[in-house]
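Please read it beside the sequence and the model.

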Amino acid sequence: MTKRLLVLLVLLVVPIARMADAEGKGNSSGNDRVVHIVYTERPEGEEPEVYHVRTLTSVLGSEEAAKEALLYSYKTAASGFSAKLTSEQVAEISKQPGVLQVVPSRTYQLHSGPGLH
């Protein structure tokens, strides 16, 4: 397994500890903030986290609110970040330049046993 594939697998499977409190809350509605992963283009000539905060700031209105909502910046296998967002914020950030996709965060359990490889 290549290093890049392993990193991508970790990004998709390993839950981020800071996101644990968002599990089991269901769909976001109204002011309920649910963790989403926002995939972005790779920033040119700018640190990824700075770009991610700036993208969030454009939707949340302040850098302080953006830093509070930002849970994690992805910089290696994919470019993007995870953040707690309302359904309205998801709709708005989806329209921002450089945002490729916004998806709800999901945690998957790996199972092993007889017959499973």
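Which residue is the bridge partner of Leu70 in β3? The partner of Leu70 is Ala83. The pairing that contains these two residues is taken up again below.

## Basis of the report

The model is a predicted one, in which local features need pLDDT of at least 70 and side-chain atom pairs count only at pLDDT 80 or more, while totals for chains, interfaces and linings use all residues. Residues are numbered from 1 along each chain as its sequence is written, and side-chain values use heavy atoms, with hydrogens and water left out.

## Overall make-up

The chain contains four helices and four strands, arranged along the sequence as α-β-α-α-β-β-α-β. Helices (H or I, at least four residues) and strands (E, at least two) are DSSP runs, numbered from the N terminus.

The chain has 117 residues, of which 38% count as buried; buried means under 20% relative accessible area, exposed over 50%, and partly exposed in between (1.4 Å probe, protein chains only). Its accessible surface is about 7,700 Å², and carbon and sulfur atoms account for 53% of that area. These areas come from the Shrake-Rupley method with a 1.4 Å probe, and for residues only the protein chains shown count as cover. Of the contacts between residues at least 6 apart in sequence, 71% join residues at least 24 apart, where contact means heavy atoms within 4.5 Å.

## The sheet

The four strands form an open sheet in the order β2-β3-β1-β4, with antiparallel pairing. Strands β2 and β4 stand at the edges and each has a single partner strand, so one side of each lacks a neighbour in the sheet. On average, neighbouring strands are turned by 20 degrees against each other, direction ignored. Two strands are taken to pair if DSSP finds at least two bridges between them.

Strand β1 (residues 34-40) is joined to β3 by six bridges, and Val38 has Phe81 as its bridge partner in β3. On β4 (residues 99-104), β1 pairs over five bridges; here Ile37 stands opposite Val103, and Thr40 stands opposite Val99. Six of the seven residues of β1 are buried, so this strand is largely enclosed by the rest of the structure. Strand β2 is likewise largely enclosed, because four of its five residues are buried. Four bridges link β2 to β3 in the antiparallel sense, and these two strands form a hairpin with five residues between them.

Thr40 belongs to strand β1 and is buried, with a relative accessible area of 4%. Leaving aside residues up to four places away in sequence, Thr40 touches several residues, including Tyr51, His52, Phe81 and Leu100.

Lys84 lies in strand β3 (residues 80-85). Lys84 is also buried, at a relative accessible area of 15%. Although Lys84 and Arg33 are 51 residues apart in sequence, their C-alpha atoms are 5.2 Å apart.

## Helix α2

Helix α2 (residues 48-60) has 13 residues, which at 1.5 Å a residue should span 18 Å, and its end C-alpha atoms are 18 Å apart, in agreement. The expected span is 1.5 Å times one less than the number of residues. Just after the helix, Gly61 takes a positive phi of about 95 degrees.

The buried residues of α2 are Pro48, Tyr51, His52, Val53, Thr55, Leu56, Val59 and Leu60. They pack against β1, α3 (63-69), β2 (70-74), β3, α4 (87-93) and β4.

## The nonpolar core

A nonpolar core is a set of buried Ala, Val, Leu, Ile, Met, Phe, Trp, Tyr and Cys residues joined through side-chain atoms within 4.5 Å. The largest such core has 15 residues, and those with the most contacts inside it are Val38, Leu56, Leu60, Phe81, Leu85, Ile93 and Val102. Two or more residues come from each of α2, α3, β3, α4 and β4, and α2 gives the largest share, four residues.

Phe81 shows how these elements meet. Not counting residues up to four places away in sequence, Phe81 touches residues that include Val38, His52, Leu56, Leu70 and Ile93.

How values were computed: Axes are lines fitted to C-alpha atoms, for helices over the stretch in contact, and angles run from 0 to 180 degrees between N-to-C directions.
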